[in-house]
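Colleague: I'd like to learn how to read a model like this one. Can we take it feature by feature?

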Amino acid sequence: AETMSNKRTWERRIWAAKEKHRPKLSKAHLEGKGGWEKDRFAFKTDGETTGRFSDFESLKTLDKSAKGIDIISCKELSVQDFINKYEKAYKPCIISDIPSHFCWQAHCDASCEDPSVESSSDRSWTLKNLKNRFGECLFKVGEDDDGYKVKAKLKYFLKYMKHNTDDSPLYIFDGSFDDDSSSKALLQDYSVPPYFSADLLGLVGEKRRPPYRWFLVGPARSGSCVHTDPLSTSAWNTVLQGRKKWVLFPPHTPKRIAKGLDELRPGEDDEAVNYFSDLLPRIRQRHGAALGVLEFVQEAGQTVFVPGGWWHGVLNLEDSVAVTQNFCSHANFEAVWRSTRSGRKKMARKWLTLLEVAYPGLAEVARGLNRQDGFDMAPGETKKEDKEEKEREIEKKEKKRKTEGADPRQKLLIIP
């Protein structure tokens, strides 16, 4: 507290968020043991002081052995061609030009290829515009050790974004921005590309379905560790500003290999910047080209398609703004159904009932998969699972209530 007393408001607010998000790291930082700057990725080597700035900079260039990814303009790709060549084949790709071609207001040069559509430069997702429009809004910048959201005002986060020297900075990855009356306006600035317009899980309703869309604002060196998306859903991610580095592993890749669990050495961190700098080169050295790893850089205006089941990790090479959504379509329905009936049983039964009305063919596919796998969805057989799912829903609502400040004892989780 004494070290923060003479700091500016944004510094105090962000430090409070950092203490909530990574308390042990913050404690080490205050004790002069490196903490948030332990690996010094933001610092150049100067005299006797060793920094790893050059290691981070080197990530902006792809390794010569890196296997690339198909890049195609949306002007040359029909929806049916996308489905046949990429979605049904579970093949990742990059689709360029979506924000400009489909006239997103979020597009940062505010240009639109359709002259009949009026674009507004003050709605493009530049950092300045976002601050002017949503500076007072709270966005999720992390979670505490109990899984509660840690939030901070955007105006404070953008100050931090400009001045931070953290190895792995805080990262706005907000999946509930549409719950806020002000930040909900972000939804008006982009549209779901036609390639991903199928939204079968939408049948169960916004309140019942799991989180599926996120607003992202990340400083250079921030990112997400290697993971697969929930319930076997596929995803699309569009960068409006900045650049991102991606790594993808095919679904059959063992978890220990994809996440680099055998490559992590004592005392090392496993954040995205460490993964790309240290763990990924070791994975390549140990396993070679046989893994079928894809590695590429996503530029502003490009949209990455990640099929369900693919392991993926992302590192922001520059200050970046993006939007991403997960989805279930006819092409990935079987995988999503199998995951949902096990992971969200109560929701799955509701979904099946709705599918019988809206998509009777898919409902029959689901029932056929259940018969094939010997999976019983009868409510009487899953009372324990129903109870557990209900408890999870109650816990989720309680966390949301607390992190939004309804309980004054929990207001420290919000950094106003």
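Modeller: Start with contact, which means heavy atoms within 4.5 Å. This is a predicted model, where local features need pLDDT of at least 70, side-chain atom pairs count only at pLDDT 80 or more, and totals for chains, interfaces and linings use all residues. Residues are numbered from 1 along each chain as its sequence is written, and side-chain values use heavy atoms, with hydrogens and water left out.

Colleague: Which residues is F139 in contact with, leaving aside neighbours within four places in sequence?

Modeller: The partners of F139 are F134, V150, K151, A152, L154, I172, D174, F177, S183, L186 and F215.

Colleague: And how do I read a nonpolar core?

Modeller: In soluble globular proteins, nonpolar side chains tend to be buried together. A core here is a set of buried (under 20% relative accessible area, 1.4 Å probe, protein chains only) Ala, Val, Leu, Ile, Met, Phe, Trp, Tyr and Cys residues joined through side-chain atoms within 4.5 Å. The largest has 47 residues, and F82, I95, W125, F139 and F215 touch the most other members. Helix α7 (154–163) gives the most to this core, six residues. A separate, second core of 22 residues includes A220, V273, L291 and V297.

Colleague: Which residues of α12 are buried?

Modeller: Helices are DSSP runs (H or I, at least four residues), numbered from the N terminus. In α12, the buried ones are L362, A363, A366, L369 and N370. Seen down the axis, they fall within an arc of 120° (taken from the directions from the helix axis to the C-beta atoms), so they line one face of α12. They pack against α10 (333–343) and α11 (345–358).

Methods:
Buried < 20%, exposed > 50% of the residue type's maximum accessible area, 1.4 Å probe, protein only. Helix = DSSP H or I, 4+ residues; strand = E, 2+ residues; numbered from the N terminus.
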